[in-house]
Amino acid sequence: MPFKDKLFRMAKRLLVSTEEAEDATQEVLMKLWTKNTTLSKYKSVEAFAMTMTKNYCLDRLKSKQANNLKLVHSNYTDGNTSLQKKVEVADSLQWMTKIMNTLPEQQRMVLQLRDIEQYDYDEIAEMLEMNQTAIRVTLSRARKAVREQLIKKHNYGIG
């Protein structure tokens with residue numbers, strides 16, 4: 001499936017473990033395969049698959065087995081950089097992870113889908129079962145919270 005990587009990134013975003021994310025992606029793809037005869041009735045199979053992934057991961061997070069999982073985002077890698085640049089990128093990703101972990105779940109999901117996965121508002125609305133106005137408000141609040149935390153971090157101790 002052409003959107004398999006997006007499903008994995010969303011699962012990885014929700015389930016910190018790479019193995020858990022791979023399992024979730026495989027499970028969703030298997031469910032899609034069993035429903036392949038009815039997929040044509042959906043306007044966007046990709047949006048349907050993302051919704052399935054989100055729901056599966058949230059169910060895993062709610063289950064007793066997953067009581068120690070947390071949300072992180074770390075799918076950025078660049079092999080052609082200096083050591084200093086790698087340290088800076090790692091520090092930035094660590095700070096963004098900390099900041100995103102402070103956001104409410106809905107804000108994290110909207111921020112992930114819009115700014116990282118680059119989905120349109122229509123697709124996000126379908127995946128999260130929200131209206132577009134609520135998505136825009138949630139995204140605005142999430143970006144504002146991230147911006148405030150970054151300003152606080154970078155201006156700490158400055159006049």
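**Exercise 1.** Find how helix 4 and helix 7 cross, and which residues make the contact.

*Solution.* Start with the axes, which are lines fitted to C-alpha atoms, for helices over the stretch in contact, with angles running from 0 to 180 degrees between N-to-C directions. The axes of helix 4 (residues 83-102) and helix 7 (residues 132-154) come within 10 Å, and they cross at roughly 130 degrees. That makes helix 4 oblique to helix 7: under 35 degrees would count as roughly parallel, over 145 as roughly antiparallel, 65 to 115 as roughly perpendicular, and the rest is oblique. (Helices here are DSSP runs of H or I with at least four residues, numbered from the N terminus.)

Next, look for contact, meaning heavy atoms within 4.5 Å. Helix 4 brings Asp91, Trp95, Met96 and Ile99, while helix 7 brings Val146, Gln149, Leu150 and Lys153. Sort these contact residues and you get five nonpolar, one polar and two charged. For the sorting, Ala, Val, Leu, Ile, Met, Phe, Trp, Tyr, Cys and Pro count as nonpolar, Asp, Glu, Lys and Arg as charged, and the others, Gly among them, as polar.

Before you go on: this is a predicted model, where local features need pLDDT of at least 70 and side-chain atom pairs pLDDT 80 or more, while totals for chains, interfaces and linings use all residues. Residues are numbered from 1 along each chain as its sequence is written, and side-chain values use heavy atoms, with hydrogens and water left out.

**Exercise 2.** Which residues of helix 1 are buried, and what covers them?

*Solution.* Buried means under 20% relative accessible area, exposed over 50%, and partly exposed in between (1.4 Å probe, protein chains only). In helix 1 (residues 4-14), Leu7, Met10, Ala11, Lys12, Arg13 and Leu14 are the buried ones. Their cover includes helix 2 (18-34), helix 3 (45-62), helix 4 and helix 5 (105-116).

**Exercise 3.** Count the salt bridges and work through some of them.

*Solution.* The rule asks for a side-chain nitrogen of Lys or Arg within 4 Å of a carboxyl oxygen of Asp or Glu. The count is four.

- Lys6 pairs with Glu46, with the closest N and O atoms 3.2 Å apart. Lys6 sits in helix 1 and Glu46 in helix 3, 40 residues apart.
- Arg60 meets Glu20 at 3.0 Å, N to O. Arg60 lies in helix 3 and Glu20 in helix 2, so this pair ties together parts 40 residues apart in sequence. Arg60 counts as buried, at 15% relative accessibility.
- Asp115 meets Arg143 at 2.5 Å, N to O. Asp115 is in helix 5 and Arg143 in helix 7, 28 residues apart in sequence. Asp115 is partly exposed at 32%, and Arg143 is partly exposed at 33%.

Methods
Helix = DSSP H or I, 4+ residues; strand = E, 2+ residues; numbered from the N terminus.
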